[in-house]
Amino acid sequence: MTILTMIAKMSEGLGRTCAIFFLTLLFSLPLGMLVALLRMSKNRAVSTVTKVYISVLRGTPLMLQLLAVTYGPFYLFGLGVAREKLVPVIIAFALNYAAYFAEIYRGGIESIGRGQYEAAEVLGYSRYQCFLRIILPQVVKRILPSVTNEVVTLVKDTSMAFTVAYQEMFTIGKQIANSQTSFMPFVIAGVFYFLFNAAVAFVMGAFEKRLSYYR
Amino acid sequence: MSKLLEINHCRKRFDATRVLEDLSLSVEKGQVLSIIGPSGSGKTTLLRCATLLETMDGGDLIYLGNYAARDEGGTSVYAPPAELQRIRGMFGLVFQNFNLFPHYSVLKNVTEPPILVQHRNPAEVRDQAMALLEQMGLADKADAYPYQLSGGQQQRVSIARALALNPKILFFDEPTSALDPELTGEILRVIRKLAEEKMTMVIVTHEMMFARDVSDWVVFMNEGVIVEQGDPREVIDHPTQERTIQFLRRLQEK
Amino acid sequence: MMKKSLALLLALSLVLAASLALADTFKMGIDAEYPPFSYLDDNGEYAGFDVEMCKAVCEMNGWDLEIVPVNWDFKLNSLDSGEHDCVWSGMTILDSMKEAGYVLSFPYYDNTQVVLTKEGNGIATTADLAGKRVAVQLGTSGQELLENDQSALSATFEGGAAVTMENFNICGTELAAGSVDAVVIDLPVAQTLQKKFSGLVILDENLGSEQYGICFRSGDDALCAQVEEGIMKLVEDGTYLSLAEKYGLDPNVLCLLPKAE
């Protein structure tokens, strides 16, 4: 098998890798905000439950969570296992990443001084307007570097999906490596991830630059 | 003259500490009232209660006859949120630390509240904002961001921001305390000019000379109560109460 | 700086430990999830036909046995890097291994690739697999088979290829749960899975014959010969057969036994 054939075969799985990446961001970024707000709730029960959720998801391996979401229902309740693995994969990834994003958001929100809230309140902004117009834009700027870190990690984490037989790029790479007794597919995978992350760094850098007009 | 603001028998405590005790105060239209006193005397808390940033434990808070809070059996009962929101439109507050929105340009800091909160015509608000900035000597800074301005300039923007909402009364919480001494003058000039225009104002300040010159009425507070009040020249130049005399003497020594 | 020297020290001590251990330790690389050849038994000890054979060979040679569970996808990489001295774990001998220069022992077991399915899936022959979801363990000869000799068959599967799974447990789970319809798998492993999950059936069709052997690093011909010699002794003294019986392996596939005339 030539390197070009390997690249072509692995590219077939790249679509699935991208699906994990984009769908995880699509769901976990807003879900993380919800979790962060619940975590900061004045209701003790709500904030405690959320705290436990965050510490469990951050404190256990993603691989375990993938297995639990995919096969847990079968072993615990005798329910079926999803034929289309994208669904459990996205659920596990989104829940996991939401926990990480939630803590980043919380740190960002708590770093905004009380004065900003008070100024908005006295000027007559509703709580909703204050959060959306005054607090959130400043939070976004502050947390962008940490979010970039997580997004870069997510690119590499997509390869975890192999544990539940989701045929993404790295899984295909391993198949080829095996049947060809070759290390080349891993080199190709490395280059793929590197280029993917270079694109991520470029996009996030552009965001940061756009927000650098103020301090 | 009609009463613009009335505070009756205000009480406030933080945990076990009594901050304000049976404090009453009223401000009439066009009046400039200064509140002076040592730190920890409750001046800022009084201002925060008046601007609804803190809730009083007991007492009335009335703007132009509208009750924001009414004392019922020793407990302040606040009006529903919609009414409080309406009352918020009657006053403005200038903070010690300016609290400008750093992600907005100077102009947007001034124009967004009237457009968003009062649903006013954006073009008209813009014209008013530019006029206010002109008045503050900041017309050329309209497109700058707060971080590019000096403290004095930022404070002038925050005054413009408060004025853009056309408040009936403007509160100042130690407006020059966060500024370098050489920058306090420009803020005091702006406030003096507003006083000449008959803007109703309540100013918490440490600037005795300024309080004496600009205000019609001075209130000296200590440990949560009003110790002495009256004509500024009387209170500041000829205090009658022992605490006031001590405070003013200590201030002079510095 | 501190970190760097610490890492260096660690690396050095690893090398030292490795070279010391080499003296009389035989490191056996296994897939720890491959019953009945190599797996963790109920007591948490490594067990299986291959594991016990290896133990006996080591005893014979006076070696200490160290069992190294490996990532099956990377078994040849970890063999190359010296993490273990051989791969001995129901491993199918592939031509590509010989081409890559690895030293392979004689075959000690005849294996067949079969189709494991579930009752009621409506699969009686390989022809019934058309349009079905078929799984195979990543990195096994089953995968190799479907990509080469049986590629025409795998093209009929749902999605035009088999789904690769991380290990046979997951294959069995998905089959039992109904999220895959069939698994292409080594016969003895299929028989083990049958004991674990109820309602699984093996199709009476041989997808491909192959042989299990032991893989050594290139240049380790002497070590290979020594192990082969040990195995032959175990064949002669009957251990080979009795172990096969202990682990429920069909004696017909024990290719080292003298053929009954």
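Helices here are DSSP runs of H or I with at least four residues, strands are runs of E with at least two, and both are numbered from the N terminus. On that basis, chain A has 8 helices and 0 strands. This is a predicted model, where local features need pLDDT of at least 70, side-chain atom pairs count only at pLDDT 80 or more, and totals for chains, interfaces and linings use all residues. Residues are numbered from 1 along each chain as its sequence is written, with chains lettered from A and ligands numbered from 1 in the order in which they are written.

1. Chain A overall. Reading from the N terminus, the elements go α-α-α-α-α-α-α-α. The C-alpha trace of chain A spans about 70 × 50 × 25 Å along its principal axes. Of its 215 residues, 37% are buried; buried means 20 or more other C-beta atoms within 10 Å of the residue's own, exposed means 12 or fewer, partly exposed is in between, and C-beta atoms are placed from the backbone. Contacts are pairs of residues whose C-beta atoms, placed from the backbone, lie within 7 Å. Among contacts in chain A between residues at least 6 apart in sequence, 73% join residues at least 24 apart.

2. A helix pair in chain A. Helix 1 (residues 3-39) and helix 4 (residues 86-110) of chain A pack with their axes 6 Å apart, at an angle of about 45 degrees. Axes are lines fitted to C-alpha atoms, for helices over the stretch in contact, and angles run from 0 to 180 degrees between N-to-C directions. Helix 1 and helix 4 of chain A are therefore oblique to each other; angles under 35 degrees would be roughly parallel, over 145 roughly antiparallel, 65 to 115 roughly perpendicular, and oblique is the rest. The crossing of helix 1 of chain A past helix 4 of chain A is right-handed, that is, the near helix is turned clockwise from the far one by less than a right angle, anticlockwise being left-handed. This contact has 21 nonpolar, 3 polar and 2 charged residues. For those classes, Ala, Val, Leu, Ile, Met, Phe, Trp, Tyr, Cys and Pro are nonpolar, Asp, Glu, Lys and Arg are charged, and the others, Gly among them, are polar.

3. Who touches whom. No contact joins chain B and chain C, and their closest C-alpha atoms lie 40 Å apart.

4. The A–C contact. Here chain C puts in 23 residues and chain A puts in 19. On the chain C side, the elements giving two or more residues are helix 3 (75-80), helix 4 (95-99), helix 5 (141-147), strand 10 (163-165) and helix 7 (168-177). Helix 7 of chain C has the largest share, 4 residues. By class, the side of chain C that touches chain A comes out at 9 nonpolar, 8 polar and 6 charged residues.

5. The A–B contact. This one takes 16 residues from chain A and 18 residues from chain B. On the chain A side, helix 5 (114-123) and helix 6 (127-157) are the elements that give two or more residues, and helix 5 of chain A gives the most, with 7 residues. The chain A side divides into 8 nonpolar, 5 polar and 3 charged residues.

6. Chain C overall. Chain C has 10 helices and 14 strands, and its C-alpha atoms fill a box of roughly 60 × 60 × 40 Å along the principal axes. A compact globule of 261 residues would have a radius of gyration near 18 Å, and the 20 Å of chain C agrees; the radius is taken over C-alpha atoms, and the globule rule is 2.2 Å times the number of residues to the power 0.38. Buried residues are 40% of the 261 in chain C.

7. Chain B, helix 1. In helix 1 (residues 43-50) of chain B, 6 of the 8 residues are buried, so this helix is largely enclosed by the rest of the structure. The buried ones are K43(B), T45(B), L46(B), L47(B), C49(B) and A50(B). Just after helix 1 of chain B, L52(B) has a positive phi of about 70 degrees.

8. Two loop glycines. G65(B) sits in the loop between strand 4 (58-63) and strand 5 (66-72) of chain B and counts as exposed, with 9 C-beta neighbours inside 10 Å. G82(C), in the loop between helix 3 and strand 6 (86-87) of chain C, is partly exposed, with 13 other C-beta atoms within 10 Å.

Technical notes:
Contact = placed C-beta atoms within 7 Å.
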